[in-house]
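This report describes selected local features of one protein model and its ligand.

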Amino acid sequence: MRTTPLEIRPQLIGLADPVHPLVVQRRGEGVVGLGRTLRWEFHGRRRFAEAAAAWASLVAGATVDDAVRLPGSGLIAFGAFAFSPDSARPSVLEVPSTVIGVREGRAFLTEISTEPFAGPPIVPRVRPYGAEYRIALLPGALDGEGYEAAVADAIGRITAGELEKVVLARDLVGKLPDGADLRRVLCDLALSYADCWTYAVDGLVGASPETLVEARDGLARTRVLAGSSARGADAGQDQAAAVALATSAKDQDEHRFAVQSALTALRARAATVTVSEQPFALKLPNLWHLASDLEATLEPGTTALDLVAALHPTAAVAGSPTEVASALIAELEPSDRGRYAGPVGWLGAHGDGEWAIALRGAQVDDDGRITAHAGAGIVAASSPVQERAETAMKFRPIADAFA
Ligand SMILES: C=C(O[C@H]1C=CC=C(C(=O)O)[C@@H]1O)C(=O)O
């Protein structure tokens with residue numbers, strides 16, 4: 001592969017394939033993949049280990065010519081992993097044939113091929129956008145009432161002492177017209193949620209506020225989100241909502257489990273781990289979240305994918321204890337989560353990478369079927385009506401983007 005600098009600063013999403021976009025970007029910077037050099041599928045409990053082995057063998061045999069040396073330059077793969085080892089949905093790593101990236105204001109082009117390069121790099125062009133569409137997402141396998149019943153059931157189990165927290169999700173479904181241009185959805189997400197990770201990998205699209213792992217030069221960062229509240233109607237109410245969230249015992253509890261699970265996973269893998277002292281209120285266009293930032297210094301040889309495997313699933317998307325919560329999710333959620341709440345991102349040749357948790361998004365299948373998921377952390381003090389309302393707020397980014 002070879003990476004060369006680009007003179008122009010491209011609009012990343014515009015360059016993506018309209019039907020099968022490959023995108024990981026935030027605040028206008030990131031990577032877009034075109035074409036395909038390789039694609040691997042993985043299943044089951046060993047999906048992360050098998051992906052790591054496949055990637056390591058590719059990297060070991062690659063000839064790398066990277067004059068740019070920025071995050072996302074050089075040899076990279078895009079990936080999306082199923083939430084559950086029992087999911088029918090494959091986990092994937094995809095190595096495109098072309099990557100266009102923007103980082104620190106600098107743009108670059110990477111070409112990846114199993115054949116020698118025949119000529120100078122060819123810069124892809126933005127293809128005209130396809131027709132507009134408006135799609136309503138409607139209740140899927142678990143409707144609002146069903147969700148409230150599942151939450152009530154979970155609260156009962158928590159009160160009985162079976163577990164401390166479980167994250168329960170419900171789904172919305174829709175149908176995308178044949179050949180519809182998914183870049184429209186991605187542009188909408190990237191504009192409306194610029195501080196989130198806009199992602200598109202193998203039909204999984206969305207804009208996630210939650211960073212699972214950002215790893216670079218032996219340092220890793222994780223942003224844990226758990227605990228949510230609606231934005232206020234005016235500035236005063238908005239401030240009051242943030243203060244109420246930051247001081248709510250229920251949300252602090254919910255958050256503590258998520259931080260604890262991430263800390264335990266990172267400590268097992270990292271030389272040192274630090275965590276922001278108090279959770280802070282993170283403002284999104286649709287919600288306030290309780291947030292904590294973790295930073296870890298890595299042992300030599302530890303890769304972003306190692307950390308992804310160690311961290312997933314955090315208690316922000318599964319619960320606590322993890323095994324009990326995962327079993328309860330399988331029992332109470334009628335449909336497969338697929339890659340919802342799983343890791344989505346890119347992986348570099350030097351163990352670097354950027355991975356978000358696939359939240360606030362949907363899976364679009366080749367036949368146009370759209371399945372969106374949103375969930376909420378349930379603890380003893382939860383209320384079924386409020387948790388249902390919270391999932392409605394979390395559906396907004398993806399529902400609005402399709403509408
Ligand atoms: C499970 C989701 O959000 C998680 C991330 C942030 C806040 C959450 C909460 O307050 O429940 C969830 O833990 C989702 O968006 O589907």
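The model is predicted. In it, R360 is buried, with 30 other C-beta atoms within 10 Å. R360 sits in the loop between β21 (353-357) and β22 (361-364), and its phi is near 55°, a positive value in a residue other than glycine. R69 likewise has a positive phi, of about 50°, although R69 is not a glycine. The loop that holds R69 runs between β5 (65-66) and β6 (76-80). Are the surroundings of R69 those of a buried or an exposed residue? R69 counts as exposed, because 11 C-beta neighbours lie inside 10 Å, and the cut-off for that class is 12 or fewer.

**Cis peptide bonds**

Two peptide bonds deserve attention when the backbone is inspected. The bond from H312 to P313 is cis, and S320 and P321 are also joined by a cis peptide bond. The table gives the omega value for each.

| Peptide bond | Omega |
|---|---|
| H312 to P313 | near -5° |
| S320 to P321 | about -10° |

P313 belongs to the loop between α7 and β19 (319-320). P321 belongs to the loop between β19 and α8 (322-332).

**Helix packing**

Helix α7 (residues 304-311) also takes part in a helix pair: its axis and that of helix α2 (residues 47-61) come within 10 Å and cross at roughly 175°. The two helices are therefore roughly antiparallel, since the angle is over 145 degrees. On the α2 side the contact is made by F48, A51, A52 and W55, and on the α7 side by L305, D306, V308 and A309. By class, this contact of α2 with α7 comprises seven nonpolar residues, one charged residue and no polar residues.

At what angle do helix α3 (residues 144-159) and helix α9 (residues 384-402) pack? The angle is about 125°, and the axes are 9 Å apart. This value makes α3 oblique to α9. The crossing of α3 past α9 is right-handed. From α3, the residues in contact are G144, Y147, E148, V151 and A152, while α9 contributes P384, V385, E387, R388 and T391. Sorted by class, the residues of the contact of α3 with α9 are five nonpolar, two polar and three charged.

**Two buried residues**

Helix α9 also contains E390. E390 is buried because 20 other C-beta atoms lie within 10 Å, and the class requires 20 or more. Leaving aside neighbours within four places in sequence, E390 is in contact with S228 and A376.

Y199, in strand β12 (residues 197-201), counts as buried with 31 C-beta neighbours inside 10 Å. Although Y199 and V23 are 176 residues apart along the chain, their C-alpha atoms are separated by 5.2 Å. Beyond four places in sequence, Y199 touches V23, V24, L204, V205, G206, S208, V344, A356, A358 and G361.

**Ligand shell**

The ligand is surrounded by 17 residues, the closest being L225, S228, L359, G375 and G377. Elements that give two or more residues to this shell are β11 (165-175), β15 (219-230) and β23 (369-378). By class, the shell holds nine nonpolar, five polar and three charged residues. S228, listed among the closest residues to the ligand, is also a contact of E390.

Notes. Residues numbered from 1 in each chain as written. Predicted model: local features only at pLDDT ≥ 70, side-chain atom pairs only at ≥ 80, totals over all residues. Near = placed C-beta within 6 Å. Helix = DSSP H or I, 4+ residues; strand = E, 2+ residues; numbered from the N terminus. Nonpolar A, V, L, I, M, F, W, Y, C, P; charged D, E, K, R; others polar. Axes fitted to C-alpha atoms, helices over the stretch in contact; angles between N-to-C directions. Parallel < 35°, antiparallel > 145°, perpendicular 65-115°, else oblique. Left-handed = near helix turned anticlockwise from the far one by under 90°. Contact = placed C-beta atoms within 7 Å.
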